[in-house]
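Please give me a guided tour of the structure I have open in my viewer. Tell me what to select at each stop and what is to be found there.

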Amino acid sequence: MGRLKGKVAIITGAANGMGASEAKLFANEGAKVVATDIQIERLNQIVEEIKKEGGEALALEHDVTSEEAWKSVVEKTIQSFGKVDVLVNNAGVSTEKTIANMEMDEWNKVQDVLLNAPVIGMKQVIPEMKKLGGGSVINISSIGGIVGMAGTSPYTGAKGALRSLSKAAAVEYAKDLVRVNSVHPGIVETPMTAPAMEQAQAYFQTFTQLPYFGKPEDVAYGVLFLASDESRFMTGAELVIDGGWTAL
Ligand SMILES: NC(=O)c1ccc[n+]([C@@H]2O[C@H](COP(=O)([O-])OP(=O)(O)OC[C@H]3O[C@@H](n4cnc5c(N)ncnc54)[C@H](O)[C@@H]3O)[C@@H](O)[C@H]2O)c1
């Protein structure tokens with residue numbers, strides 16, 4: 001308890017999966033959480049659960065691909081809680097496309113959510129963190145940002161770019177005490193992986209060295225560490241939480 005006491009955190013894609021788990025864990029550790037998503041009904045349920053447990057949270061409907069929507073989220077965060085210490089760029093979509101069988105608009109839509117949205121988020125939030133004298137940005141990439149994964153080129157391409165973008169941002173803002181790290185989950189059981197799990201469970205297990213897949217909280221604990229001052233000497237780093245997939 002209290003690892004994020006006094007901090008204000010924006011978490012995108014917080015209606016489901018890892019984002020929801022991070023929102024609950026952060027609130028439990030004393031953060032004031034601004035939970036955002038396009039799925040507002042589900043998001044409201046998560047925020048109600050947080051409040052029932054005695055946490056502080058605000059649910060905001062937010063399409064991460066819109067810069068106007070980001071401006072409004074930052075404005076409402078400042079109005080409600082006075083500042084932003086932590087940004088978790090978590091919202092995501094998955095695709096199953098190879099390079100030759102995709103249309104460019106499919107490529108662009110995935111880049112909008114997985115890559116351009118974290119750029120807009122950092123652009124809008126980092127100036128607020130600078131005013132405060134520092135902050136922590138956590139960009140949720142994937143093992144797909146480190147190793148190739150067949151049949152997911154738009155996803156893997158975006159997550160790889162997010163990995164290097166995080167390092168560039170880390171170098172740009174280190175002097176302002178704004179830390180930027182990326183997180184690289186392996187196969188985690190969430191609504192995103194549920195459909196693929198039906199057909200590809202055995203394939204996923206071949207690569208996942210531990211004999212089980214991740215739960216959302218397995219990643220949330222890593223994100224909590226990066227959000228807290230316990231990781232004050234970490235920036236531009238990659239936190240891999242993958243059951244050993246990339247150790248192969
Ligand atoms: N589940 C995995 O195995 C896995 C592995 C590696 C990386 N990741 C990454 O982790 C993050 C969370 O994934 P998850 O598995 O919890 O997914 P999820 O599908 O359970 O949750 C993703 C959330 O993002 C929201 N979202 C999608 N598009 C949005 C938009 N335009 N604006 C705002 N919100 C939007 C969805 O509504 C959803 O609530 C994603 O970035 C994903 O790519 C997941």
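The model is a predicted one.

**Stop 1: the ligand and its shell**

Select the ligand and the residues around it. The shell has 28 residues, and those that come nearest are D37, N90, Y155, V188 and T190. Colour the shell by class: 13 of its residues are nonpolar, 12 are polar and three are charged. Now show the helices. Two of them, α1 (17–28) and α5 (153–173), each give at least two residues to this shell.

**Stop 2**

A side-chain N or O atom of D37 is 2.6 Å from an oxygen atom of the ligand. Next, select K159, where a polar side-chain atom lies 2.9 Å from a ligand oxygen. Then go to G92 and show its backbone. Here a backbone N or O atom is 3.4 Å from an oxygen atom of the ligand. Taken alone, the ligand exposes 830 Å², and the protein buries 94% of that area.

**Stop 3: the largest pocket**

Which pocket holds the ligand? The ligand sits in the largest pocket. Hide the ligand and draw a surface over this region. The largest pocket contains about 1200 Å³ of space. Its lining is made up of 44 residues, and G92, V93, S94, Y155 and M192 lie nearest its centre. By class, the lining of the largest pocket comprises 21 nonpolar, 19 polar and four charged residues.

Y155 is among the residues that come nearest to the ligand, and G92 has a backbone atom 3.4 Å from a ligand oxygen.

**Stop 4: the second largest pocket**

Move to A27, N28, E53, G54 and G55. These lie nearest the centre of the second largest pocket, which is lined by 13 residues. The space in this pocket is about 260 Å³. Which helix gives the most to its lining? That is α1, with three residues. Both α1 and α2 (40–52) supply at least two residues of the lining. Coloured by class, the lining of the second largest pocket shows four nonpolar, four polar and five charged residues.

**Stop 5: the cavity**

How many cavities of 30 Å³ or more does the structure hold? There is one. The largest cavity has a volume of about 60 Å³. To see its lining, select T12, V64, N89, N90, A91, V113, L114, A117, P118, I140, K159 and L162. Eight of the lining residues are nonpolar, three are polar and one is charged. Show α4 (104–132) and α5 together, as each supplies at least two residues of this lining. The largest share, four residues, comes from α4.

**Last stop: back to the ligand**

Finish by selecting N90 and K159 with the ligand shown again. Both N90 and K159 line the largest cavity. N90 is also among the residues that come nearest to the ligand, while K159 has a polar side-chain atom 2.9 Å from an oxygen atom of the ligand.

Notes: Residues are numbered from 1 along each chain as its sequence is written. This is a predicted model: local features need pLDDT of at least 70, side-chain atom pairs count only at pLDDT 80 or more; totals for chains, interfaces and linings use all residues. Side-chain values use heavy atoms; hydrogens and water are left out. A residue is near a molecule or strand if one of its heavy atoms lies within 4 Å of it. A polar contact is a pair of N or O atoms within 3.5 Å; within protein, one must be able to donate a hydrogen and the other to accept it, and residues adjacent in sequence count only if both atoms are side-chain atoms. Accessible areas come from the Shrake-Rupley method with a 1.4 Å probe; for residues, only the protein chains shown count as cover. On a 1 Å grid over the protein atoms alone, a cavity is a set of points where a 1.4 Å probe fits but cannot get out, and a pocket is an open set with protein on both sides within 12 Å along at least five of seven lines; lining residues have an atom within 4 Å of a point. A molecule sits in a cavity or pocket if more than half of its atoms lie within 2 Å of its grid points. Ala, Val, Leu, Ile, Met, Phe, Trp, Tyr, Cys and Pro count as nonpolar, Asp, Glu, Lys and Arg as charged, and the others, Gly among them, as polar. Grid points are joined across faces, edges and corners, and a volume is the space filled by probe spheres set on the points.
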